[in-house]
Amino acid sequence: MRNLSLPLALTARISPVVVLAAAGWALTSGPATTPAAEKESAPQSAGESPSGASTAAASKQYAAAPAPCGSIATATLKSLVPGAKTAGKEIPSTDTSLRRTCSWNALKGYDYRWLDVSFEITESDAAAAKSYKENTTEKSGGGSVPGVGDAGYSVVNLTTEDKQQTREGVVIIQASNALVTVTYNGSDFESKKAPSTDEINKGAIKAAKEAVAALESGQKV
């Protein structure tokens, strides 16, 4: 089989993805904290119950993002991204306790696959729900993913550049105060066609379910 290098169009597409991903994390910051002195000086009104604090804590289930490169089973990685190093590559983050992303990609023969798994820990369930709504609204045309987390959404799109098709699926899951985002895409450089919608969608959902399971079994508040 002859050697094949990535087309210039795909190379140009991949490079900004990593740069933008890292830059995107850098633009955000962790949740604000209330100074201890302010907390101590705040008077408790008559009839106020300490249960307010426990209610607030209950709305934030996860304290930190799990290791993303260990969130997907080896067998799943070999199936979704043939030829990729199963260890993956974690993208640098300004705060790894709140935001972590791992990426796998490989070209095997003429088939190219790319998988990203991202975790973001927000300050509350409400903040995660708001972000989930904003992200799913931007990526219209998809459908719900039932039975995973508190809310799930999946969308698949086809793009064509220089006659080369690429099909990409994105799955977004909200689980309490955490957001899990999976991006999975593929191309066939021999036929110039992309994998089927069903293949990409099922692959992205499978990875998302495993990522959420890793989140749920990890550190909690």
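Is glutamate 210 buried or exposed? With a relative accessible area of 19%, glutamate 210 is buried, since buried means under 20% relative accessible area. This answer, like everything that follows, rests on a predicted model.

The side chain of glutamate 210 meets that of lysine 206 in a salt bridge, with 3.8 Å from N to O, and lysine 206 counts as partly exposed at 42% relative accessibility. Because glutamate 210 and lysine 206 are 4 residues apart in helix α6, about one helical turn separates them.

A salt bridge also joins the side chains of lysine 202 and aspartate 198, at 3.3 Å from N to O, and these residues, being 4 residues apart in helix α6, are likewise separated by about one helical turn. Lysine 202 counts as exposed at 53% relative accessibility, whereas aspartate 198 counts as partly exposed at 43%.

The whole structure holds 4 salt bridges, including one in which the side chains of glutamate 199 and arginine 113 meet at 3.2 Å, N to O. Glutamate 199 lies in helix α6 (residues 197-216) and arginine 113 in strand β3 (residues 111-121), so this pair ties together parts that are 86 residues apart in sequence. Glutamate 199 is partly exposed, with a relative accessible area of 37%, while arginine 113 is buried at 10%.

## The disulfide

The count comes to 1 disulfide, formed by cysteine 69 and cysteine 102, whose sulfur atoms are 2.0 Å apart. Cysteine 69 lies in the loop between α3 (51-58) and α4 (74-80) and cysteine 102 in strand β2 (residues 99-108), so the pair ties together parts that are 33 residues apart in sequence.

Both cysteine 69 and cysteine 102 are buried. The torsion about their S-S bond is about 100°, so the disulfide is right-handed.

Conventions:
Residues are numbered from 1 along each chain as its sequence is written. This is a predicted model: local features need pLDDT of at least 70, side-chain atom pairs count only at pLDDT 80 or more; totals for chains, interfaces and linings use all residues. Side-chain values use heavy atoms; hydrogens and water are left out. A disulfide is a pair of cysteine sulfur atoms within 2.5 Å. Helices (H or I, at least four residues) and strands (E, at least two) are DSSP runs, numbered from the N terminus. Buried means under 20% relative accessible area, exposed over 50%, partly exposed in between (1.4 Å probe, protein chains only).
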